[in-house]
Amino acid sequence: MCGIVGYIGERQAVDVLIKGLKRLEYRGYDSAGVAVVNGQLSVHKKNGKVGELAKVLKTTRVIGTLGIGHTRWATHGVPSDANAHPHLASDGSFALVHNGIIENYNAIRERLTRSGFVFHSQTDTEVLTKLIEDVRNTTGLALPEAVRQALTQVVGTYGIAIVAEGEDDLLIAARKGSPLILGVGDGEYFLGSDAAPLIEYTRQVVYLNDGEMVVVSRGKFEVSTIDKKEVDPQIHELEWDLEQIEKGGYTHFMIKEIFEQPKSLANCMRGRVRADENIVMLGGLVDHMDSLSKADRIIICACGTSWHAALVGEYVIESLARIPVEVEYASEFRYRNPILRKGDAVLVISQSGETADTLAAVRQAQGQDIPVYGIVNTVGSTIARETDAGVYLHAGPEIGVASTKAFTAQVTVLTMIATKIAQTRGLPEDQSRAILKGLEELPDKVQSVLNLNGQIRAIAGVYRYAQNFLYLGRGYNFPVALEGALKLKEISYIHAEGYPAAEMKHGPIALIDQFMPVVFLAMKDSTYEKVISNIEEVVARKGCVIAITDEGNGELDKLCEHVIRVPKTIEELAPILTSIPLQLLAYHIAVMRGCDVDQPRNLAKSVTVE
């Protein structure tokens with residue numbers, strides 16, 4: 001949550017900051033602000049999206065080549081000008097921006113209040129700012145050392161950036177549990193919560209690790225731990241390019257990313273799947289495949305859309321590899337004292353690689369000497385660096401808050417992992433080849449589904465005013481029902497629920513009437529006849545049925561109001577094809593309702609706080 005950007009160099013900082021904040025806005029869009037140093041410290045902040053701040057800055061000339069900026073997702077305190085970042089020291093001598101949560105801020109605030117400090121916001125960030133000020137005033141330390149000492153007193157998570165009045169050659173940043181990247185340019189440096197604000201200027205980056213701090217001047221930067229141990233920073237090269245983080249003529253990032261799925265899946269499988277040779281190559285797991293294939297149990301931890309992908313993974317791994325799988329919400333895993341044994345293996349899934357709860361699950365398992373493997377999209381992310389090994393999605397940057405191409409890539413990677421494990425455990429060659437051939441055919445079949453966009457848009461027009469939706473599926477398509485309902489909730493604000501189709505009779509059937517659209521995943525698989533019975537039950541109660549089924553299946557036309565037909569594929573891969581019409585349906589309904597598709601209310605892309 002929240003986006004941080006910083007700059008020191010020869011450019012006008014405010015231009016870099018505003019452009020960077022717009023590219024980070026998917027991390028939070030409740031309010032935004034900048035602080036620029038030109039001898040004096042100039043701070044401007046505004047409730048609302050970054051565009052509102054940009055309007056203010058158009059009427060106020062802000063000069064300076066050093067600055068920090070912030071776009072906020074509110075945790076402590078409502079969205080307002082007062083709660084917006086940056087926050088200032090009492091004497092206005094320095095400004096700070098913060099992503100994360102200071103858990104002991106109340107105790108610190110009470111102590112500082114007794115010492116005479118006055119607070120003007122409801123935020124934990126202002127408390128951290130005043131704590132640093134108190135340490136500096138009390139000890140006489142220079143600002144970087146005061147920051148170090150103050151950070152030893154806080155409990156919680158932070159990514160922070162600081163600039164100070166009269167310090168035109170000083171940018172300070174530190175992180176614990178909240179990502180920060182330093183971009184290294186030609187005589188200039190950039191700071192960002194992720195790569196989006198940096199990629200226009202440089203591909204050379206340093207990923208700060210937890211407990212590290214960087215002090216940047218115009219000629220150099222120095223990385224050390226909070227307790228002053230020197231760090232030899234490694235410079236990495238970004239894989240993204242500028243085109244990937246721009247809309248490219250599409251109205252929204254979400255629809256762009258939906259339509260990128262043939263390419264993203266091809267990239268996900270490139271060099272990894274060779275059906276003609278019956279080979280799955282997963283370089284990141286080569287040295288660990290023996291351990292995975294011999295695991296007594298695999299536990300998959302994830303959140304949100306990634307959790308739905310994990311459920312598909314459970315079905316596929318158990319079916320093909322015959323290893324018991326448990327899927328856990330990462331947010332619950334760490335707090336319920338999970339029983340982990342020798343012989344277990346943990347998979348974690350996160351698009352950003354920074355999800356706070358999922359990262360906590362990594363550390364929980366590693367603390368009990370359990371091997372942990374990551375499935376992430378963002379190269380160089382914290383989870384990618386802290387897991388024992390793993391697989392990158394290579395789906396490209398996903399900017400839209402509602403995940404689309406990452407979900408299908410996650411399911412694809414899980415299927416590849418399941419197939420590879422199953423091969424080592426004796427999966428028949430004909431079955432293995434069928435799966436790999438099905439994987440290779442996916443990009444073209446996904447394109448065929450995308451060609452149904454006009455039909456799905458028309459269906460969206462019929463149901464744009466619905467207040468509730470029900471999504472039902474069985475087997476591999478039950479998690480798709482959950483994911484379809486989540487997509488609709490996230491971006492259109494329509495209440496929707498996903499259920500196993502058989503569970504409809506155990507409660508949800510009471511909701512069905514002529515005003516309740518019901519979406520059925522009705523592929524002609526091993527559960528098809530049972531799903532038909534469930535559709536009959538809905539129709540008997542005057543429910544409006546939208547069915548997703550195979551090409552060539554005309555059996556549902558008389559039963560259902562609408563039938564969407566997708567290409568046939570093997571049962572294990574159906575979720576990748578059936579999820580895409582649900583992405584398009586949610587998108588078009590949200591657009592027709594006038595919702596902000598890329599930045600839905602109350603949500604942010606990367607959940608880096610609990």
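Helix α5 (residues 143-151) has 7 of its 9 residues buried, so the helix is largely enclosed by the rest of the structure; buried here means under 20% relative accessible area, with exposed over 50% and partly exposed in between, for a 1.4 Å probe and protein chains only. This is a predicted model, in which local features need pLDDT of at least 70 and side-chain atom pairs count only at pLDDT 80 or more, whereas totals for chains, interfaces and linings use all residues. Residues are numbered from 1 along each chain as its sequence is written, and side-chain values use heavy atoms, with hydrogens and water left out. Helices (H or I, at least four residues) and strands (E, at least two) are DSSP runs, numbered from the N terminus.

The buried residues of α5 are L143, P144, A146, V147, R148, A150 and L151. Their cover includes helix α4 (124-139) together with the strands β6 (94-99), β7 (158-164), β8 (171-176), β12 (212-216) and β13 (221-225), where contact means heavy atoms within 4.5 Å.

Helix α4 also meets helix α3 (residues 105-114): their axes come within 10 Å and cross at roughly 50°, the axes being lines fitted to C-alpha atoms, for helices over the stretch in contact, with angles from 0 to 180 degrees between N-to-C directions. From α3 the contact draws on Y105, I108, R109, R111 and L112, and from α4 on D124, V127, K130, L131 and D134.

Elsewhere, an open sheet of 5 strands is ordered β23-β22-β24-β25-β26 with parallel pairing, two strands counting as paired if DSSP finds at least two bridges between them. At its edges stand β23 (495-500) and β26 (562-566), each with a single partner strand, so one side of each is left without a neighbour in the sheet. The twist averages 20° from one strand to the next. Within this sheet, β22 (residues 468-473) and β24 (residues 517-521) run parallel and are joined by 3 bridges, and Y471 has V519 in β24 as its bridge partner. Helix α17 (residues 528-540) packs on the sheet, touching β24 and β25 (544-550), and its direction makes about 170° with that of β24.

Finally, T358 lies in helix α11 (residues 356-366) and is buried, with a relative accessible area of 0%. Beyond its neighbours within four places in sequence, T358 is in contact with C301, A302, C303, A330, V348, I349, S350 and I383.
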